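This report describes the architecture of a single protein chain.

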Amino acid sequence: MAPQTRRLAFPKVVIERDSDTEQSSSDDEGQKEEEGEGPLSESESEEEGKENGFEEKSEENFDAKKKGKAPITISLKKVCKVCKKAGHEAGFKGATYIDCPMKPCFLCKMPGHTTMSCPHRVAIEHGVTPAPHRNTRNALEYVFERQLRPRMPLIKPAYVIPDEVNCAVIRYHSRRVTCLEFHPTTNNILLSGDKKGHVGVWDFCKVSEKMVYGNIHSCIVNNMRFNPTNDGAVYAASSDGTISCTDLETGIALSLMNLNPDGWQGPNKWRMLYGMDINQEKGVVLVADNFGFLYLSGKDQILFFRPPQQIALSIWVDIRTNSKSGEAILIHKKGSKVVGLHCNPIQPELLLSCGNDHFARIWDMRRLEAGSSLYNLPHKRVVNSAYFSPLSGSKILTTSQDNRLRIWDSIFGNLESPSREIVHSHDFNRHLTPFRAEWDPKDPSESLAVVGRYISENYNGAALHPIDFIDVSTGQLVAEVMDPNITTISPVNKLHPRDDVLASGSSRSIFIWRPKAKSEVGEQKDERKIIVCGRAEKKQKFGDQSDDSDDDTCKMKGKNIKSKKSRSKLTPNNLKRKR
DNA sequence: AGCAGATGGATCC
DNA sequence: TGGATCCCCTCTGC
């Protein structure tokens, strides 16, 4: 499928919504008239009509009102489940979610309109605040222009979008997937961490070769990184307060650090590890906790480690030459979670952190002390992730819970305000893994990012949550990929470092996406396989897909398909995008 | 099938 | 600073 923009998709949604709304409101009227609640339902329809901008409808209702029915003061009329007021209802109408008009827009957070009419929902640019015009440059930027710019291509190559599910493991994990990581050298190996602390290793070409190690952590795996000098070992940071180093062959995990050596001493004492990255140059694992502190640990310390001994805090390796060893460094507001750490791919001295104090911060590794950050990048709400661009390391992409992606085009330029803010729905429900927009590591122009979408869209009667590909240099929605069988939200997405492959984690399942064109032209005749885990594990091979899928459409039409029934409908024939 | 629970963040007081 | 309360598209297990 060619990359599809919102502009193409949106009119379809409008049509669905119109008929849905009209139909459901007239249904309501009919039903309530029987119940003797005519006038109330009329006023309800009227408000709904206004909300959607249908003047004719209001007139019709006015006519109906003139015909006259006695007003009733006591009723069992439904109230809005959001604001508890009568006169309107919020929630799903079929597969379309109707916002409560009393609340600010759920998407852009501005008052005066709802998500349905939000300009950011219909704009092809997806709601971009353009970069302020800059005519000042600092000396570093000239260095950037001279040294890095020549390596970047002048003409942006066409994006290749992995937009079709190629294989999947359904209910692979026993809890929701929290992070994914591709093997750095073996193309087909995908690692996944889950909320329970398990780590999965899956060969998605052989598909059935999969393993879940359940003995590594006791709760959420927040981040994983491969050992840059030994790709058979992976580090993981967990909310159990430990960093593990796991041998992928054996599954034997060694604990590199334990911040809760005395066990559970109450929620105020329990330390959880979130952000993690590895600085290859300096040979250290950087990890940050839920109290605002950064810890540095020798990456190769593991070589001297014997389980089940746990390394005490005092033997952390401190790479700083002029400060005390073994000290945690406060890098974000005390008591706030530091959810992301990223080392600059080009400048090993630069570290980027982000957290719940609404800031992303840039640090010089040579001067890591509380309050000594080089720059603080403010956000309106919690920052879920912050990444340097993968090739030049000169851009920054952040995901904040204020439903905005922010892009700084050059860390050498003016960092006072982001170059762009892109409105995007990822303000998540608390029981989801936080959304993190991630760069495409293969894009030489460093402009393509992938991020899951929280809010659903009505696709042929099904409420689906697409995975968005966004050109962060323009804010344009390059593609939204979805599959009728994936009705759950996909907050975790990872693009392959070399292949045109997307891995996404949705609830307990993992999906591998490849470009549809490839299998169509037979360049790479992949067998699409789905493995369903569970009580009776069965293997399904995707058969030929017939175009006649109206049956499924009808089944899904007009209801929110987030039900167990529809979730279990994962069959070869209905795994087909209906647009 | 229906419901509780998970332990998240914003906001108000 | 801390407790209470609310929440909007979850998902699972009992």
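The model is a predicted one.

**Overall composition**

Chain A comprises 579 residues, of which 56% count as buried. When contacts between residues at least 6 apart in sequence are considered, 55% of them join residues at least 24 apart.

**The largest nonpolar core**

The largest nonpolar core of the chain contains 19 residues. Those with the most contacts inside this core are Ile161, Phe469, Val481, Leu502, Phe511 and Trp513. At least two residues of the core come from each of the strands β4 (164–170), β26 (448–452), β29 (467–471), β30 (476–481), β33 (509–514) and β34 (529–532).

Phe469 illustrates how this region is packed. With neighbours within four places in sequence left aside, Phe469 is in contact with Ile161 and Pro162, with Leu448, Ala449 and Val450, with Gln476, Leu477, Val478, Ala479 and Val481, and with Leu495 and Leu502.

One open sheet consists of four strands in the order β5-β6-β7-β8, with antiparallel pairing. Its edge strands are β5 (177–182) and β8 (209–213), each of which pairs on one side only. From one strand to the next, the twist averages 15 degrees. Within this sheet, β6 (residues 189–194) and β7 (residues 199–203) are paired in the antiparallel sense over five bridges, and Leu191 stands opposite Val201 in β7.

Another open sheet of four strands has the order β17-β18-β19-β20, and its pairing is likewise antiparallel. The strands β17 (338–343) and β20 (375–378) stand at its edges with a single partner strand each, so one side of each is left without a neighbour in the sheet. The twist in this sheet averages 15 degrees from one strand to the next. Strand β19 (residues 359–364) is joined to β20 by four bridges, and the two run antiparallel. Phe359 stands opposite Pro378 in β20.

Strand β11 (residues 242–247) is largely enclosed by the rest of the structure, because five of its six residues are buried. It pairs in the antiparallel sense with β10 (residues 230–238) over five bridges, and five bridges also join β11 to β12 (residues 253–258), again antiparallel. Ala237 has Ile243 in β11 as its bridge partner, while the bridge partner of Cys245 is Leu254 in β12.

| Hairpin | Residues between the strands | Residue with positive phi | Phi |
|---|---|---|---|
| β10 and β11 | three residues | Gly241 | near 85 degrees |
| β11 and β12 | five residues | Gly251 | near 80 degrees |

**Strand β24**

Strand β24 (residues 420–423) is covered on both faces. Arg420 and Ile422 lie on one side, Glu421 and Val423 on the other, and all are buried. Four bridges join β24 to strand β23 (residues 404–408), and these strands run antiparallel. Leu405 stands opposite Ile422 in β24.

**Asp289, a buried acidic side chain**

Asp289 is located in strand β14 (residues 284–289). Is this residue buried or exposed? The cut-off for a buried residue is a relative accessible area under 20%. Asp289 has a relative accessible area of 0%, and therefore counts as buried.

Which partners does the Asp289 side chain reach? One is the side chain of Arg271, with which it makes a polar contact at 2.5 Å. Another is the backbone nitrogen of Phe293, which the Asp289 side chain reaches at 2.9 Å. Apart from neighbours within four places in sequence, Asp289 is in contact with Leu259, with Arg271, Met272 and Leu273, with Tyr295, and with Ser336, Lys337 and Val338.

Definitions and conventions
Residues numbered from 1 in each chain as written. Chains lettered and ligands numbered in written order. Predicted model: local features only at pLDDT ≥ 70, side-chain atom pairs only at ≥ 80, totals over all residues. Heavy atoms only, no water. Buried < 20%, exposed > 50% of the residue type's maximum accessible area, 1.4 Å probe, protein only. Contact = heavy atoms within 4.5 Å. Polar contact = N/O pair within 3.5 Å; in protein donor to acceptor, adjacent residues only side chain to side chain. Core = buried A, V, L, I, M, F, W, Y, C linked by side-chain atoms within 4.5 Å. Pairing = 2+ DSSP bridges. Axes fitted to C-alpha atoms, helices over the stretch in contact; angles between N-to-C directions.
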